[in-house]
Amino acid sequence: MASAVTGLGRWLTEPVPRGRVAAFRTLVYLFAAADLVVFSPWVRSHGAIPGELYQPLLVGRMLPLPTPTPLLVEFVFWTLLAASLAAATGRAPRALGWTVFLLYFEWMIIAMSYGKVDHDRFAYLVALAVLPTAGRARHGDATRTEAGGWALRMTQIAVVCTYFLAAWAKLRFGGLGWMTGSVLARAIIRRGTDLADVIAQVPYLLIAAQIGIIAFELLSPLIFVLRGRWRLAAVGFFYSFHLVTIATITISFAPHLLAITSFLPLERLRPVHRIQRALSSRRHGRPPTPAAVGALDQMPVVGRPAGP
Amino acid sequence: MVSAQMDTLSTRGRAARFLASGLGFALLLAGTVWGHDDDFPFGPFRMYAGSNPPNDPAPDTRVEGVDRTGAVVSLDEGGTGIRRAEIEGQQGRYAGDPALLREVAAAYTERHPSAPDLVEVRIVIRWHEVRAGRPTGKYADETVLRWRAP
């Protein structure tokens, strides 16, 4: 029993390179800015909706948060935009991280308090909540960090919970009949693409898809026992699932897609560094030395990564 | 190559993280088992979790307005800033007090100050026929709620 607890503890804080935390941090905060202007611009329009239609969620009533006004919504929009862009640089990770988390949380209360609650960003909210605790992290730094490992692990668990507990919710609200019901047909009628209309004509395909969705969601925790290539393949499957969802019923789950990157060896991306290196090698008229290439590749591409 | 250097957590830092992990997980689990949307962010992931028999007609809700020139205006998300699912989520409130639909008209006027005033707002459901989990292409419209400017 004691060894199981110790093992769980070690797993929850399995160290990752600081460079991975830095890359994840930059992605998460850049996404916050992109979400404001590209992915969820509808939130901003809630400022102009009459206050009578505001139905605050439990947390909004408890705190208690004010009824959104155009001024409040514009204030949160611009401060969140500035704070998230600043946080994406990796500077002041704690102060800027908590600022972004609090502002984004208020942004979500503004988003979800008018009669519709979305479930596409639980894992993203978890990422915002844990990143301020991950400590300083420079891009490319191979030093391993347990605080950073915990932050990434929490996000991964939240990603898997979003699937597994969604299956639970389907069984709770829809029962076993969910699998043989007409939920996908309804979704296609409401927001289906031309592709979905074609698919809907195939007898029993939608029902088979419903059974497949429940199976996938219930099996999603298995990603934690997979290693190396297999884990990357599972991440690829997660993304392909959402690709089909976007292509058929136009549900993007964008914040969740971003949270899934917590499973990837992001420290290998280093786009800015690569561009700089390419520019400098062109300037000097010779290819980069093997040592310079090696410095980029501190982690194995696949095989067993040092962290989650 | 993996660096030998490592940042380890203090005993306190580790304990605080385990406590936060356990608390968060317990809240999420409780929300899934007993909670509702109101408990955001710990409510159940119930998007598309409802079930309908394979032959139940499927509702496609829309909001329309009629302006004083008699023209029918679509009061969709682009028209009012209110998402369709938000109309459906509050449909019970509108049913209890149809005059609340004037707020939808107000949201439209806010976005289109120079457009003619709305004299009517209605919620219309297009019922699509479904057979064996597939849409048949047939439908019928039903106006479920209507508010007229006094």
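Chain B contains five helices and five strands. The model described here is predicted. Along the sequence, the elements of chain B follow the pattern β-α-β-β-α-α-α-α-β-β. The radius of gyration of chain B is 24 Å, well over the 15 Å that the globule rule gives for 150 residues, so chain B is more spread out than a compact globule. The C-alpha trace of chain B spans about 75 × 45 × 40 Å along its principal axes. Of the 150 residues in chain B, 27% are buried. Among the contacts in chain B with a separation of 6 or more, 58% are between residues 24 or more positions apart.

The next topic is the contact between the two chains. Chain A brings 62 residues to this contact and chain B brings 54 residues. On the side of chain A that touches chain B, at least two residues each come from helix H1 (2-12), helix H3 (58-62), helix H6 (122-130), strand E2 (144-145), helix H7 (146-174), helix H8 (183-191) and helix H10 (205-219). The element of chain A that gives the most to this side is H7(A), with 14 residues. Sorted by class, the side of chain A that touches chain B holds 35 nonpolar, 19 polar and eight charged residues.

Three strands form an open sheet in the order E1(A)-E2(A)-E1(B), and their pairing is mixed. Strand E1 (16-17) of chain A and E1 of chain B stand at the edges, each with a single partner strand, so one side of each is left without a neighbour in the sheet. Within chain A, E1(A) pairs with E2(A) in the antiparallel sense over two bridges. Here Val16(A) has Thr145(A) of E2(A) as its bridge partner.

By class, the contact of H8(A) with H10(A) comprises five nonpolar residues, one polar residue and no charged residues.

Ala137(A) counts as buried because it has 28 C-beta neighbours inside 10 Å, where 20 or more are required. Apart from its neighbours within four places in sequence, Ala137(A) is in contact with Arg18(A), Val21(A), Ala22(A), Arg25(A), Gly90(A) and Gly148(A). Leu243(A) is 106 residues from Ala137(A) in sequence, and the two are 32 Å apart in space, C-alpha to C-alpha.

The remaining features concern backbone geometry in loops. In chain A, the peptide bond from Leu63(A) to Pro64(A) is cis, with omega near -25°. Pro64(A) is located in the loop between H3 and helix H4 (70-87) of chain A. In chain B, Phe40(B) and Pro41(B) are joined by a cis peptide bond with omega of about 5°. Pro41(B) belongs to the loop between helix H1 (11-34) and strand E2 (58-67) of chain B.

Positive phi values in residues other than glycine are found in chain A. Ala92(A) is not a glycine, yet its phi is positive, at about 40°. Ala92(A) sits in the loop between H4 and helix H5 (93-112) of chain A. It counts as partly exposed because it has 14 C-beta neighbours inside 10 Å. Thr250(A), likewise a residue other than glycine, has a positive phi near 50°. Thr250(A) occurs in the loop between helix H11 (228-249) and helix H12 (254-260) of chain A. With 13 C-beta neighbours inside 10 Å, Thr250(A) counts as partly exposed.

Definitions and conventions. Residues are numbered from 1 along each chain as its sequence is written. Chains are lettered from A and ligands numbered from 1 in the order in which they are written. This is a predicted model: local features need pLDDT of at least 70, side-chain atom pairs count only at pLDDT 80 or more; totals for chains, interfaces and linings use all residues. Two residues are in contact if their C-beta atoms, placed from the backbone, lie within 7 Å. Helices (H or I, at least four residues) and strands (E, at least two) are DSSP runs, numbered from the N terminus. Ala, Val, Leu, Ile, Met, Phe, Trp, Tyr, Cys and Pro count as nonpolar, Asp, Glu, Lys and Arg as charged, and the others, Gly among them, as polar. A residue is buried if 20 or more other C-beta atoms lie within 10 Å of its own, exposed if 12 or fewer, and partly exposed in between; C-beta atoms are placed from the backbone. The radius of gyration is taken over C-alpha atoms; the globule rule is 2.2 Å times the number of residues to the power 0.38. Two strands pair if DSSP finds at least two bridges between them.
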